[in-house]
Every structure is written in C-alpha cells, then in structure tokens.
Amino acid sequence: MAHKFDPEICAKHLSGVVQFPTVSDHDEANMDFDVFFGMHRYLEETYPLVHKHLKKEVVGTAGLLYHWQGTGESGKLPLMFMAHQDVVPEGDHSKWKYPPYAGTIAEGYIWGRGASDCKSHLIAQMEAVEYLLSIGYQPSFDIYLAYGYNEEVGSGKGEASCAQMISRLLESRGVRFEGILDEGGGLRAGKNVGVDVPVCMVIVAEKGYADYEISRKDPGGHSSKPGKEGAMYHIAKAIMDIEENPFPYRITETVKTRYETLAPYMKEKKPELAELMTDIEGNWDKLVPMIDADRDLASMFHTTMAITMASGSMQANILPEKASIVVNCRLLEGDTLETVEQHFKNILPEGLEVKLLQGNNPSPVSEYKCAFKDLLVEISGDREAEMIAIPDITVGGTDAKFMYNLSDHVYRFSSFYKRSNAGGVHSVNETMGVEDLASGPEFYVELVKRYGER
Ligand SMILES: [Zn+2]
C-alpha cells in the first residue's frame with residue numbers, strides 16, 4: 001500500500017461523527033434530523049476539499065450523494081462507495097464501558113454506537129477522497145459516495161429507503177457503474193468460516209427476508225368449558241407441520257464456489273466434510289445429512305423458517321379468539337415471497353390464515369468472475385499473500401440490495417483489514433480498532449489509483 005494514513009487523525013474524525021446520535025426509526029417523524037444536519041456540518045468542516053470539489057446532493061430528508069467528476073479520459077465506468085449515516089438505538093447506557101455517544105478513544109479503539117456500523121466506512125471513504133484531492137489527484141472516471149439515513153430500518157420497506165431513492169435518481173440519469181461497494185465482507189481472519197488462512201470475502205448477494213403471520217380464528221369463550229381443538233391446537237399442529245416440512249436443500253452457484261474453494265483449507269478441522277465439499281454435486285447425497293445437522297451450513301443451502309413469536313389469549317381463563325405465530329424466513333436465491341407463501345399453503349391445512357407482514361425478495365446475484373473483483377482480490381493479496389478469495393452471500397440486509405439496477409458488480413466489501421477484536425455491532429460496547437480504521441482509506445486510495453491505471 002502506497003500511502004499510510006495517520007491512525008490518530010482518522011480516529012479523531014470517527015470520534016467526531018460518533019458524537020452525533022443518528023438513530024433511525026421506521027417512522028421518519030420520530031427521527032431527529034437536526035442531529036443528521038449537525039453531522040453534515042461536521043463533515044463539511046472536517047473534509048473541506050471533498051466539499052469544495054465534489055457535487056453534493058441531499059436525497060430525501062438527509063441522504064447524501066457526492067459526485068466527483070473525473071476527466072473522462074479513460075472512458076471507464078464510475079465507481080460508487082456506500083455507507084449509511086444512521087445507527088440502531090444504543091440500548092442500556094449503564095452497560096456501556098464508555099458512553100455510547102462520547103466518541104471515546106481508549107485501549108486502541110474508538111468506542112460508541114456507529115463506530116463500526118457504519119460510520120467507520122463513511123470516514124474511510126471521506127479520508128481517502130480528501131487525501132487524493134490534497135495531492136492534486138484527478139481521476140479519469142467518476143466517483144460517487146452514497147450515504148443513506150435509514151438502512152437500519154429499511155429492510156422490507158423499500159419505498160421509504162433513502163438508498164432506493166438514490167438508486168432511482170442515478171438510474172433516471174442513466175449512470176452505470178463498474179463497481180459498487182457497501183458494508184460487509186472484505187479481507188478478514190478465516191476462523192469464522194472454519195479455516196486458518198485469511199479470507200477475502202466478496203459478498204455478491206443477500207438472502208431475502210420475510211415475516212409471515214399464521215393464525216387461526218375461533219369463537220373463544222370461557223376456559224372452564226373449553227371443548228376440543230381450540231385455536232391453539234391448530235397452531236400447535238401448524239408448528240409441527242412447518243418443522244417437518246423444511247425447504248429442500250439445494251445448490252446455488254455462489255455457495256458451491258464458496259465451499260469448493262474453502263474445502264482444501266477445512267481439512268484439519270472437518271476432514272470428512274472437507275473431502276465431500278471438494279465436489280458438492282458429486283457428493284450431494286452424503287452431504288445432505290451433514291448440512292441438515294449444522295445450522296450454519298443449512299442456512300446457506302435453503303430458505304430458512306424460524307418460528308419466533310406465538311400468541312393466544314391475553315388472560316389465563318379466556319379461550320383465544322385468535323391464536324397466531326410469526327415465522328421469520330430468510331429466502332435463498334430462487335425463492336420469492338410468493339413461493340414461500342405457496343409453501344405454507346401447501347403444507348398447512350385449510351382454516352389457517354397466512355399473511356405476509358413484511359418482506360423483500362432475495363437480491364439478484366452479482367457477477368463474481370470479472371476484472372473488478374480481481375482488482376479487489378489483488379489489493380487484498382498485497383496485504384495478506386496467503387489469503388484465499390471466495391464469493392459469499394449474507395443473511396443480513398444492506399442498502400446494497402437496492403443498487404443492482406446500476407451495476408453488474410454490487411458487492412459488500414469492507415475496506416478494513418480487521419486484525420483486532422473490534423465488535424459490539426448492534427449491541428453494547430461497539431468499537432472500531434484505531435489501527436484497523438486507518439487501513440480503510442488506504443484501500444480506497446489504492447483501488448481508485450489502480451482502477452484508473454488499468
Ligand atoms: Zn450497517
């Protein structure tokens with residue numbers, strides 16, 4: 001990596017943005033947008049060159065879209081880097097080691113809600129562009145930065161999503177991108193995927209998300225004369241039906257490539273599985289019971305259904321007039337909200353109502369075998385020669401899912417090389433490593449320069 005960023009300065013800037021409690025809510029009326037506008041002013045003061053040379057548009061109430069116009073000499077398609085401004089609520093203050101919005105820098109970390117998810121990405125991108133401007137760098141292609149404000153509540157509510165507004169705006173202008181990078185994935189230790197070598201994860205798709213309510217109505221009445229087969233009886237049977245009729249396991253191209261690439265490195269820990277995974281199609285019959293016995297594996301090979309909520313009557317001596325469960329589903333590529341609903345209708349008896357509460361289909365799948373991915377892998381390889389690259393899918397939702405209309409290469413690919421144990425995303429004590437943070441802008445600078453040179 002060519003230019004090294006000062007970790008202390010990056011940390012100070014991240015600490016600055018963490019001090020704005022940009023909590024999002026399903027209902028915009030409940031959001032304090034002055035906090036967002038305060039953060040925008042902080043960004044203006046902290047990154048003067050970005051705000052002098054890039055065109056900034058406010059999208060929706062507080063979305064930020066920056067456009068750095070290149071010379072156009074290379075004829076290359078633009079790149080877009082994404083993050084989100086909003087954070088999830090901080091929870092119980094007393095459980096935080098340092099206050100959630102103080103932006104404390106201590107013990108080698110920046111502490112606070114949003115320090116990792118997702119303000120670290122925003123700061124890394126701003127630092128990179130500010131630096132490139134400071135050395136007089138002029139890209140030969142356009143660069144966009146896109147920061148929504150309701151990612152954390154956007155799942156399943158596409159219409160109000162700032163990312164979707166940005167996507168539509170750019171589509172209406174006919175902008176196409178060579179690559180779009182959002183949070184997730186990237187170069188990291190391989191232990192989470194069961195290998196000892198570092199892994200460069202290029203997340204090409206995300207599973208869909210859906211909550212279905214399954215309910216049964218009944219006349220109800222007094223519990224002293226319950227009769228037989230009340231609403232709860234039918235719901236209990238429905239639970240059994242759902243558990244006994246999972247979606248069949250199946251092979252998708254992304255998951256196949258992922259495991260066949262990892263297989264040689266899984267030998268020590270799981271020799272039998274590793275051997276079978278070298279040829280997933282050929283060994284499918286032997287693999288299915290192993291997949292079935294491992295919840296991590298299973299989630300990669302089918303649409304999951306988790307029964308998470310149940311309700312009956314509100315009082316112990318009242319028969320329920322309605323009993324219901326909520327089934328949270330994560331849809332694998334190939335399934336849709338319609339096929340999942342149909343599945344419920346196929347396996348459940350008459351008399352039960354199936355209702356979609358909220359949901360979104362799985363994202364499309366970005367191309368993996370391409371020069372843009374190779375460039376990300378090449379830069380990662382300069383950091384860790386031993387690393388292996390894999391395509392991956394995520395079960396979490398990101399704003400990237402709204403961008404597939406703009407590019408064949410929409411990846412969740414983090415610029416950070418995480419060596420430390422930063423964590424606390426969506427829980428207490430969220431942190432970002434000071435040294436790790438400085439690795440982010442380095443990556444973007446290298447990517448912009450090398451992409452321009454090819
Ligand atoms: Zn996030």
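**Entry 1: the two domains**

I began with the domain contact and counted 19 residues of domain 1 against 18 residues of domain 2. I note here that the model I am reading is a predicted one. The domain assignment gives domain 1 as 7–205 + 363–453 and domain 2 as 208–360. I looked up the distance between the C-alpha centres of domain 1 and domain 2 and got 33 Å.

Next I took the area buried between domain 1 and domain 2, which comes to about 1,700 Å². Carbon and sulfur atoms give 62% of that area. On the domain 1 side I listed the residues that lose the most area to domain 2: P391, I393 and V395. Together these three account for 26% of what that side buries.

**Entry 2: helix 8**

I went through helix 8, residues 253–262, for buried positions. T254, V255, K256, R258, Y259 and L262 are buried. I then asked which elements the buried residues of helix 8 pack against. I found strand 9 (199–206), helix 9 (271–277), helix 11 (295–301) and strand 16 (388–394).

H84 sits in strand 3 (residues 79–84) and D117 in the loop between strand 5 (109–111) and helix 4 (119–134), so the pair ties together parts that are 33 residues apart in sequence.

H84 is buried at 1% relative accessible area, and D117 is buried at 9%.

**Entry 3: the loop between strand 5 and helix 4**

I stayed with D117 and looked at its peptide bond to C118, which is cis, with omega at about 10 degrees. C118 is placed in the loop between strand 5 and helix 4. S116 lies in the loop between strand 5 and helix 4 too.

I noted S116 as buried, at 9% relative accessibility. Leaving aside neighbours within four places in sequence, I found S116 in contact with H121, K418, V425, E430, T431 and M432. I also took the C-alpha to C-alpha distance from S116 to D34, 82 residues apart in sequence, and wrote down 22 Å.

**Entry 4: positive phi**

I searched for residues other than glycine with a positive phi and noted E229, at about 55 degrees. E229 is in the loop between strand 11 (221–222) and helix 7 (231–244). I have E229 down as partly exposed, with a relative accessible area of 49%.

H426 is not a glycine either, and I noted a positive phi of about 65 degrees for H426. H426 is in the loop between strand 17 (410–412) and strand 18 (431–433). H426 counts as partly exposed, at 44% relative accessibility.

I compared the span of helix 14 (residues 434–453) with expectation. Its 20 residues reach 30 Å from the first C-alpha to the last, close to the 28 Å expected at 1.5 Å a residue. I then asked how many residues of helix 14 are buried. I counted 18 of the 20, so helix 14 is largely enclosed by the rest of the structure.

From there I turned to A128, which lies in helix 4. A128 is buried, at 1% relative accessibility. I found A128 touching F5, P441, Y444 and V445, with residues up to four places away in sequence not counted. A128 and V448 are 320 residues apart in sequence, and I got 9.3 Å between their C-alpha atoms.

**Entry 5: D142**

Last, I looked up D142, in the loop between helix 4 and strand 6 (143–148). D142 is buried, with a relative accessible area of 17%. Residues up to four places away set aside, I found D142 touching H67, W68, Q69, G70, P78 and L79.

Notes: Residues are numbered from 1 along each chain as its sequence is written. This is a predicted model: local features need pLDDT of at least 70, side-chain atom pairs count only at pLDDT 80 or more; totals for chains, interfaces and linings use all residues. Side-chain values use heavy atoms; hydrogens and water are left out. Helices (H or I, at least four residues) and strands (E, at least two) are DSSP runs, numbered from the N terminus. The expected span of a helix is 1.5 Å times one less than its number of residues. Buried means under 20% relative accessible area, exposed over 50%, partly exposed in between (1.4 Å probe, protein chains only). Domain bounds come from an automatic or database domain assignment. Contact means heavy atoms within 4.5 Å. Buried area is the accessible area (1.4 Å probe) that two parts lose on being put together, summed over both.
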